[in-house]
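Dear colleague,

Please find below the structure that I am handing over to you, together with its sequence. My notes on it follow directly after.

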Amino acid sequence: MTDTLALIEDLRVQRPNFALEGISFAIPRGTVVGLVGPNGAGKTTAIRALLGLIAPDGGRVETFGLPAGSSRALARTGIVLDQPTAADEWRVSTLGRRIAPFYPSWSEQRFVDLLARLSVPQQRRVGELSRGEGIKLSLATALAQAPELLILDEPSSGLDPASRREIAAIIREFMVDPSHGVLVSTHITAELEGLADELVVLVGGRVADRGPLHEVVEQFAMVRGAGAAPGAPVVGLQRSGEQWSGLIRIDDSAAFGPEVVIDAASIDDIVVHLGAERAELAA
Ligand SMILES: Nc1ncnc2c1ncn2[C@@H]1O[C@H](COP(=O)(O)OP(=O)(O)OP(=O)(O)O)[C@@H](O)[C@H]1O
């Protein structure tokens, strides 16, 4: 049994106005990897390449040591994308019977239990579900397949706070088995605290930072001041009237005087300011 569930190495995808430029990261067993970045950073593109839904222009993408998208790898992968994976006219209650033949480990009991737990109306047709209900249905379908690897692209979008917590709890339960692993992309970065072990920050098609979540977060701090621009390096400096703020490497904090305030950085701070820096460089 390999320790790495998924591997992206030097992945390149060229689009007319965008490129994923040599991104690399892995999903080891026993690990939840959070994928964050501004809109258009390339998170969905990387996930689609990992699932074999788009062909890379370079690099290596494997799941379970197999080429991305191979049917043997997909059979062990639960997928929650931003679009429903079932036909609109199918009833939720009959979905299990239609899908089960494709998944040897399908558990109808688990499917029905998850639908009830997530309050997905079982008598509705898939096309009649709200966006949030559709995401919950995708999660129930993914987990009823008894996957080893779970890949979720923005599962929280469209979900109310109680449902977001429920989904985080379900992911934690999934991770009780140390052979499992998760990749989750999200804009609701606070949810990654206490859930993700590793963080990958994508900005403008590149990995801007990655590593154990707390190490990534703790290497940065936020600095705030007023008046003249700071004399030391600040990432993604933003001004609002007299006030300015930005991100700094914690090692650079000694370069600032007592006139500035230095606070812990959040994942959002890191995404916003690395994104702002990238936008400045591209301008
Ligand atoms: N099929 C496509 N053809 C051309 N460009 C595309 C295609 N799909 C995505 N893109 C472009 O690639 C870039 C990255 O898109 P992607 O959906 O991967 O970003 P993302 O990080 O998931 O963004 P968001 O947070 O907004 O969902 C965007 O600029 C997008 O317009």
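I begin with the ligand. The residues that surround it are Arg15, Pro16, Phe18, Gly37, Asn39, Gly40, Ala41, Gly42, Lys43, Thr44 and Thr45. Please bear in mind that this is a predicted model. Sorted by class, the shell around the ligand consists of 6 polar, 3 nonpolar and 2 charged residues. Helix H1 (residues 43–50) supplies the largest share of this shell, namely 3 residues.

The next point concerns Val36, which belongs to strand S3 (residues 32–36). Val36 has 27 C-beta neighbours inside 10 Å and therefore counts as buried, the cut-off being 20 or more. Leaving aside residues up to four places away in sequence, Val36 touches Thr186, Thr189, Leu199, Val201, Ile267 and Val271. Between the C-alpha atoms of Val36 and Lys136 there is a separation of 21 Å, and these two residues are 100 residues apart along the chain.

The buried residues are Glu133, Gly134, Ile135, Lys136, Leu137, Ser138, Leu139, Ala140, Thr141, Ala142, Leu143 and Ala144. Their cover includes strand S6 (77–80), helix H3 (92–99), helix H4 (108–117), strand S7 (149–153) and H6. After H5 comes Ala146, which has a positive phi near 50°.

Finally, I turn to the packing of H5 with H6. Two packed helices are described by the distance between their axes and by the angle between those axes. On the H5 side, the contact is made by Gly132, Lys136, Leu139 and Leu143, and on the H6 side by Ser163, Ile167, Ile170 and Phe174. By class, this contact of H5 with H6 comprises 5 nonpolar, 2 polar and 1 charged residues.

With kind regards

Technical notes
Residues numbered from 1 in each chain as written. Predicted model: local features only at pLDDT ≥ 70, side-chain atom pairs only at ≥ 80, totals over all residues. Contact = placed C-beta atoms within 7 Å. Helix = DSSP H or I, 4+ residues; strand = E, 2+ residues; numbered from the N terminus. Nonpolar A, V, L, I, M, F, W, Y, C, P; charged D, E, K, R; others polar. Near = placed C-beta within 6 Å. Buried ≥ 20, exposed ≤ 12 C-beta atoms within 10 Å, placed from the backbone.
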